[in-house]
Amino acid sequence: MREPVARQNSETTPGEPLIRFENVSIGFHEGEILRDISFEVAPGETKVILGESGSGKTVLLKLGAGLLRPDAGRVIVMGHDLTEMNEVELLDFRRRIGFVFQEGALFDSLDVADNVSFRLREEAVSLEETEPRVREALRFVEMEEAYDKFPAELSGGMRRRVSIARAIVDQPPIVYYDSPTAGLDPVTSQTIITLILRLRDLNGVTSLLATHRLQDAFGLANFVFEPKERRVVPVWEDEDGLHFAPTNFVVLRNGEIYFQGATTELLKSPDSYLQEFLE
Ligand SMILES: Nc1ncnc2c1ncn2[C@@H]1O[C@H](COP(=O)(O)OP(=O)(O)O)[C@@H](O)[C@H]1O
Ligand SMILES: [Mg+2]
């Protein structure tokens, strides 16, 4: 029998959700965008936020990172209620989580090493310490050879990998991924999903991942990164039953949670909207 691969991150208390949205609502001048959103993310879990373009996925991630404040409800991350924090506390909180922004959002005027070390410089980490940490993060995303290249010299997939290196340089227990495969071809998308699987299954990183691509969602839900074989394998079944990947779904529709649950529940659902979405 294989070992379950998801590890508990040392910062987490077993059993306690690491991220909790409680009845969260937010609107802008054009109206309410998210309404009464409640869900929990367990330590080591990657929660996939599925929804059409404009359904509020980016807004939801920004709420989870304290980049936006809800109009109602509470957002509790690692035991802290973000809605009760002041700006200084939020700044400090944001340093402890990783955020891979939509389109990667690298600084074009900085080389790869300076992009990846950005947070370490903000924290005044010494130069001697910075270089090995940057190299380690780049090695993890298999981009060490790009150390002194500029973003303009890289392909879209490479830039996305560098933005993941930047998010994990501090080894944060939580990483938010906003549409991490948007604009990439299927093969490159799969390399990004494999990186995310490694962070989930080897490092025990807890995540929210926004996407409108079902391939991403099922790649995360139906595969695990096997540490002994050092490769991605399908979830398996043995005498103990089916070993699930630690990934579940939230489907957003019209500002509300339309569905939340595991892959099997999503696939078995007779609901016509979900059926259509899955096709
Ligand atoms: N800062 C903002 N101010 C005003 N409207 C916003 C802001 N951020 C997002 N919105 C609106 O919220 C809606 C959801 O946006 P978004 O979360 O980016 O969707 P998704 O990421 O699912 O494509 C859109 O209608 C968008 O225009
Ligand atoms: Mg978005």
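Helices (H or I, at least four residues) and strands (E, at least two) are taken here as DSSP runs, numbered from the N terminus. The model is a predicted one, so local features need pLDDT of at least 70 and side-chain atom pairs count only at pLDDT 80 or more, while totals for chains, interfaces and linings use all residues. Residues are numbered from 1 along each chain as its sequence is written, chains are lettered from A and ligands numbered from 1 in the order in which they are written, and side-chain values use heavy atoms, with hydrogens and water left out.

Aspartate 36, which sits in strand E2, has a positive phi of about 55° despite not being a glycine. Its relative accessible area is 47%, which makes aspartate 36 partly exposed; the scale used throughout is buried for under 20%, exposed for over 50% and partly exposed in between, with a 1.4 Å probe and protein chains only. Arginine 230, likewise not a glycine, also has a positive phi of about 55°. This residue is found in the loop between strand E9 (223-226) and strand E10 (231-234), and with a relative accessible area of 52% arginine 230 is exposed.

Strand E2 also belongs to a sheet. Four strands form an open sheet in the order E2-E1-E4-E5, with antiparallel pairing (two strands pair if DSSP finds at least two bridges between them). E2 (31-41) and E5 (80-81) are the edge strands with a single partner strand each, so one side of each has no neighbour in the sheet. E4 and E5 run antiparallel and are joined by two bridges, and valine 77 has histidine 80 in E5 as its bridge partner.

Valine 77 itself lies in strand E4 (residues 72-77) and is buried, at 0% relative accessibility. With neighbours within four places in sequence set aside, valine 77 is in contact with Leu18, Ile19, Gly64, Leu82, Phe93, Ile174 and Tyr176, where contact means heavy atoms within 4.5 Å. Leucine 278, on the other hand, is 201 residues away from valine 77 in sequence and 31 Å away in space, C-alpha to C-alpha.

Next comes the empty space. Rolling a probe the size of a water molecule over the atoms shows where such space is left. On a 1 Å grid over the protein atoms alone, a cavity is a set of points where a 1.4 Å probe fits but cannot get out, whereas a pocket is an open set with protein on both sides within 12 Å along at least five of seven lines; lining residues have an atom within 4 Å of a point. Grid points are joined across faces, edges and corners, and a volume is the space filled by probe spheres set on the points.

The largest pocket holds about 460 Å³ of space. It is lined by 15 residues, of which Arg94, Phe101, Phe118, Arg119 and Glu122 are the closest to its centre. Helix H2 (87-94), strand E6 (97-100), helix H4 (118-122) and helix H6 (156-168) each give two or more residues to this lining, and H4 gives the most, with three. Sorted by class, the lining of the largest pocket comes to ten nonpolar, no polar and five charged residues (Ala, Val, Leu, Ile, Met, Phe, Trp, Tyr, Cys and Pro count as nonpolar, Asp, Glu, Lys and Arg as charged, and the others, Gly among them, as polar).

The second largest pocket has about 280 Å³ of space. Glu136, Phe140, Ile168, Gln171 and Asn203 are the closest to its centre among 13 lining residues. Helix H5 (residues 127-140) supplies the largest share of that lining, five residues, and the classes split into seven nonpolar, three polar and three charged.

Among the residues lining the largest cavity are Leu63, Arg69, Val75 and Leu90.

Finally, the magnesium ion (ligand 2) has Thr58 (OG1) and Gln102 (OE1) as protein donors, 2.1 to 2.6 Å from it. Donors are N, O and S atoms within 2.8 Å of the metal (3.2 Å for Na, K and Ca), and water is not among the atoms, so sites may look incomplete. Threonine 58 is partly exposed at 26% relative accessibility, and glutamine 102 is partly exposed at 36%.
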